[in-house]
Amino acid sequence: PERRCCPQRRSADSTMVEAMDTDAPAPAPAEEEPAAPPDPASLYRADIRSAQASVERFVTSREPRFAQAALKLMACLRKAGLAAASPTQPVLAAAIASAFGPSHPLRERLLAALPPPAAEPEAADAAGAEGKEGGEAKKRPLLPEMELILELLVLLALIDGGKLPVALSLADALLERVASWNRRTLDPFAERAYFYSSWAYEKAGKIEAVRSRLLAAQRTSCLHHNTACQATLLNLLLRSYMSAKLFVQADKLLAKSAFPEQASNGQLARYLYYTGRIKALQLEYSEAHRCLLQAQRKAPQSSSKAVGFKLSAHKLGAIVQLLLGEIPERAVFRASSTRAPMRPYLKLVQAVRTGDLAAFRDAMAEHAAVFAADGNAALVLRLRQNVIRAGLRNVSLAYSRIHLSDAAAKLALDTPGDMESIAAKAIRDGVIDATIDHEAGVLISSGSADTYSTLEPQAAYHKRITFCLNLHNDAVKAMSYPPDAHKGDLPDADAIKERQREEQELAEALAEEDEF
């Protein structure tokens, strides 16, 4: 006979089993072993292969995004070489030894600049795969774009390592190699070759030695409509002229050359900065201020990128604004990243604003080395007249009548006898509204005039309207449109024929009605 259990007992038994399962201790989880740090050599080798794949896709499809990806990987490879030079340079040497043929003209020179090549960990697997595929991958020639990337990595390793004589010889060979090619797909990589070769010469203090080659390359890039190299070479030539204090030649180059509109923002920011510095030295302060303001806006807005460039632009912009009679914004001096480097220029701004000639002399004497290192010493010396004018304006507002000797004492002039000529020039330039009693030697201030009765409000409105119009034009130029987007609105041939046929039938019908 079957043995039946009551439902109460069955539920009690299940509850007991569930309680026993719940009370049982859970098995301890296995301790996870910490992941091993990635091997820098393996990551470096993988990045080289990724760059090669991007270059091949760029050459095949001609899409610029693949070239940009390869250039970004080149920057990553350089950072990896700086972080761990010993394990990555042998990998680079191994890549060059396997990619460059024995008859390549730069093979021995590149390998001599690097440590002995590292052994490939997948050598056996690669040999087996090549045997199965018939050795097709091994026979594939190296693209000039990838060859240039590998040569640039060696050049950067030499520059970062301080081996400048070897880097200069390699830069010469690299420029000759680039000049021998005539490939449009090589333009983005040739731009970096010119830039880093010029940088090697500048680090060695021989930037004038490469100027003739840069001029020849500039002419060639203009004939070939090579936008990337044209913008880079123009900036390199301007930098070369400015480093040699050849500002007249730099201004002639600016007047006879046009900067390409399709250039990148980085090159445009450099061009505007160099133009602003040249215009400032030639006393064209308004144009210099406009160029420097645009350079600051075109620079990367991230606080961790292009810090040195933005700092140089802010320093030069502050001096140009002071020469224009304006006071720079306080935000430039209060930012955490620029507070310490901008402190000498803050003292200049305070001296010019208050017209304190003694404070200006102290700032000049204390920070003369900083101004000379920044290349702004000549412009800072011009601020002395602005300090005197600001002090004279304050004196004119504070006193209705003051003796010229007392005014000279308040301004702390080196030669008090020049006070009369300084006051006369300030009156002629419209800095102060006053007259001079030459017999009594007294400066007589006139009453304050209404600003709105002058042309100053009109000039301010004109300046703002011009800025808005320029901003609108730049925004329109920066807009991108899909290729052949306008062709979708155009009628095709069949639609045109159909419309012509309908018009002809309508004309015939109207002619028949006229006959009746």
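Reader: In which helix is S198 found?

Author: Helices (H or I, at least four residues) and strands (E, at least two) are DSSP runs, numbered from the N terminus. S198 is found in helix α10, residues 187-203. This is a predicted model, in which local features need pLDDT of at least 70 and side-chain atom pairs count only at pLDDT 80 or more, while totals for chains, interfaces and linings use all residues. Residues are numbered from 1 along each chain as its sequence is written, and side-chain values use heavy atoms, with hydrogens and water left out.

Reader: Is S198 buried or exposed?

Author: Buried means under 20% relative accessible area, exposed over 50%, and partly exposed in between (1.4 Å probe, protein chains only). S198 counts as buried because its relative accessibility is 3%.

Reader: Which residues does S198 touch, not counting residues up to four places away in sequence?

Author: A contact means heavy atoms within 4.5 Å. By that criterion, and with residues up to four places away in sequence not counted, S198 touches I207, L214 and L236.

Reader: What is the phi of L283, and where does L283 lie?

Author: Most residues other than glycine have a negative phi. L283, although not a glycine, has a positive phi of about 70°. L283 lies in the loop between α14 (265-281) and α15 (285-298), and counts as exposed because its relative accessibility is 55%.

Reader: What is the phi of A306?

Author: The phi of A306 is near 55°, a positive value in a residue other than glycine. A306 is placed in the loop between α15 and α16 (307-323). At 32% relative accessibility, A306 counts as partly exposed.
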